[in-house]
Amino acid sequence: MDRQTDNILSNNKFNMKILKYIFSRDHKIIAKQFLITAMFMGFIGLFISVLFRLQLAYPNRPFYIFKLFFNKFANDGYLDPSFYLSLVTIHGTIMIFFVLTGGLSGTFSNLLIPLQIGARDMASPFLNMLSYWLFLLSSLTMLYSFFVITGPASAGWTIYPPLSALPKAINGSGTGQTVWLISMSIFIISSLIGNINYITTIMNMRTQGLTMYRLPIIIWALLLTAILGLLSFPVLMAAVILLILDRGFGTSFYLSDIFLAGEYLHYDGGSPILFQHLFWFLGHPEVYIVILPALGISSEILSINCRKPLFGYHTMIYSLIAIAGLSFFVWAHHMFISGINPLIGSVFTITTLIIAVPSAIKVFNYIATIWRGNIKFTTPMLFTIGLISFFITGGLTGIYLGNAILDINLNDTYFVVAHFHIVMGSAAIFGMFAGIYHWYPKLFQKMMNEKLGHIHFWITYISIYLIFFPMHFMGINGMPRRYYDFNAFGMFNIFINMNKFITIISIISGFAQLIFLYNFTYSMFKGKDSSKNPWKANTLEWTTPIEHIHGNWENDLPVVYRWPYEYSNPKYQDDYMPQNISDKH
């Protein structure tokens with residue numbers, strides 16, 4: 001009887017763990033699920049980038065690693081040229097959508113929105129859970145494309161037709177491209193469900209006293225990010241549906257006057273430029289869907305670690321709104337060499353330069369917040385400073401690419417690769433790292449190791465500049481991106497050693513991420529226990545119990561009395577004053 005009782009209790013505990021950690025509706029657990037899935041995808045994306053960097057550095061040398069992982073696409077260790085394009089395609093797709101979009105928004109929207117607005121959970125916990133499971137399904141579907149006979153999609157992460165619209169064009173245009181489209185369709189549905197939930201929660205579930213102008217900047221950033229996704233991702237879904245129709249049902253939305261291997265294909269009336277318009281109408285808001293959460297994270301961490309109020313709170317809100325609004329009016333600066341009317345090019349040059357103004361305002365506010373602050377150089381603070389550095393550097397090179405005349409020469413060169421990876425990729429990734437280190441105590445009730453965090457920061461920060469800064473000069477000299485072997489072009493021989501140098505630094509940077517992974521995993525089990533408010537911050541998430549409970553607060557919800565950046569105010573005894581503490585106390 002006792003043994004039977006033990007078995008029942010054991011089964012009940014097992015079932016409870018499944019409900020808690022797998023089919024959980026608790027926003028904090030879902031945040032962990034998004035984060036760990038995004039980290040897994042991120043390491044795959046990083047590994048893929050090292051593979052094609054090896055090909056670029058040593059194009060005539062076989063590698064056992066190619067044969068080990070992709071034997072059917074690497075004859076005797078030599079990487080197949082079409083599969084090289086597949087690696088570039090999947091790397092870009094994973095990093096932009098599954099790491100920077102899903103990882104940033106999915107993790108920090110789920111973790112912070114209910115906690116910082118004083119809510120028990122999301123407006124719809126079930127839809128929140130469904131959003132994650134669709135995200136996971138989309139991720140696994142994308143990885144499945146490596147196992148189809150013809151290999152993954154190879155039309156680039158932008159999947160421009162006609163290459164992506166003709167299944168027989170190259171191997172990567174076949175089943176792998178279909179899998180890519182299915183995966184992205186699922187991802188878009190996941191994103192839309194999540195965005196609706198985030199917006200509804202912020203607008204309707206704020207606790208007593210928490211007006212819109214008492215919200216932390218990160219919540220404003222996540223709200224605007226959700227609005228951007230809700231308005232722009234359906235356009236990509238429409239583009240994907242039309243592409244599926246062209247691929248399998250004989251339509252010609254994107255095809256016209258096509259010859260394939262000398263054979264004339266009977267398509268009339270379509271235009272691949274239509275796809276570019278639809279894609280980039282999502283594509284440029286997507287840049288800010290990625291960067292706005294990172295900027296919001298940096299705002300919180302700066303104020304806390306400078307121990308002073310965030311400079312220009314209202315100005316930062318208005319600049320975020322301006323960036324979000326203007327992001328819908330700049331998409332065609334990605335299309336300056338597509339044959340669009342020069343007048344239209346001039347219009348988009350102007351709007352592109354205008355959007356630099358609110359971005360510059362944010363940088364000014366960051367610098368003003370740092371100025372004469374009592375700075376604590378914690379690991380989150382270091383990554384935040386790194387983010388600001390990348391945002392400035394990448395933003396300056398964006399002015400060149402935003403000019404239609406200059407862009408004609410620089411487009412499709414390594415200058416674009418350098419700009420894109422610094423201003424969007426590296427800045428957003430540093431925002432993600434800063435957020436992980438900062439809110440790790442709230443996720444796992446432990447502190448990450450500061451020494452390992454500093455080592456991780458410095459190796460990664462220096463590596464990024466060593467990798468991407470030289471690419472600007474390679475691009476100015478006309479070195480095109482996405483080429484398989486530059487040895488075939490004598491004019492680029494001067495960059496052979498530079499390609500080798502960049503590859504070596506990329507590998508070093510990859511090992512630095514293993515330091516982060518070790519720190520993340522080890523701290524989860526053996527790290528120093530966190531106090532309730534380890535950073536002495538003001539926002540509401542640090543008022544909840546250290547141990548996770550579904551519902552966040554044990555008793556009544558907190559009441560808010562002030563904005564979240566009351567630091568170093570001489571009228572208070574401490575150098576911080578939480579939002580939920582009344583002056584009467």
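**Salt bridges and a phenylalanine**

I began with aspartate 412, which forms a salt bridge with arginine 481, the closest N and O atoms being 3.2 Å apart. Aspartate 412 lies in the loop between helix 12 (404–410) and helix 13 (414–444), and arginine 481 in the loop between helix 14 (450–476) and helix 15 (496–526), so the pair ties together parts that are 69 residues apart in sequence.

Some bookkeeping before I go on. This is a predicted model, where local features need pLDDT of at least 70 and side-chain atom pairs count only at pLDDT 80 or more, while totals for chains, interfaces and linings use all residues. Residues are numbered from 1 along each chain as its sequence is written, and side-chain values use heavy atoms, with hydrogens and water left out.

I also noted my terms. A salt bridge here is a side-chain nitrogen of Lys or Arg within 4 Å of a carboxyl oxygen of Asp or Glu. Helices (H or I, at least four residues) and strands (E, at least two) are DSSP runs, numbered from the N terminus. Buried means under 20% relative accessible area, exposed over 50%, and partly exposed in between (1.4 Å probe, protein chains only).

I then looked at arginine 307, which forms a salt bridge with aspartate 575, with 3.0 Å between the closest N and O atoms. Arginine 307 lies in the loop between helix 8 and helix 9, and aspartate 575 in the segment after strand 6 (528–529), so this pair ties together parts that are 268 residues apart in sequence. Arginine 307 is buried at 3% relative accessibility, whereas aspartate 575 is partly exposed at 30%.

Lysine 446 and aspartate 529 also meet through their side chains in a salt bridge (2.6 Å, N to O). This pair links distant parts of the chain, with lysine 446 in strand 5 (residues 446–447) and aspartate 529 in strand 6, 83 residues apart. Is lysine 446 buried or exposed? I have lysine 446 as buried, at 16% relative accessible area, and aspartate 529 as exposed, at 53%.

Last, I turned to phenylalanine 311, in the loop between helix 8 (272–306) and helix 9 (313–326). Phenylalanine 311 is partly exposed, with a relative accessible area of 40%. Leaving aside neighbours within four places in sequence, phenylalanine 311 is in contact (heavy atoms within 4.5 Å) with Met316, Phe364, Asn365, Ala368 and Thr369.
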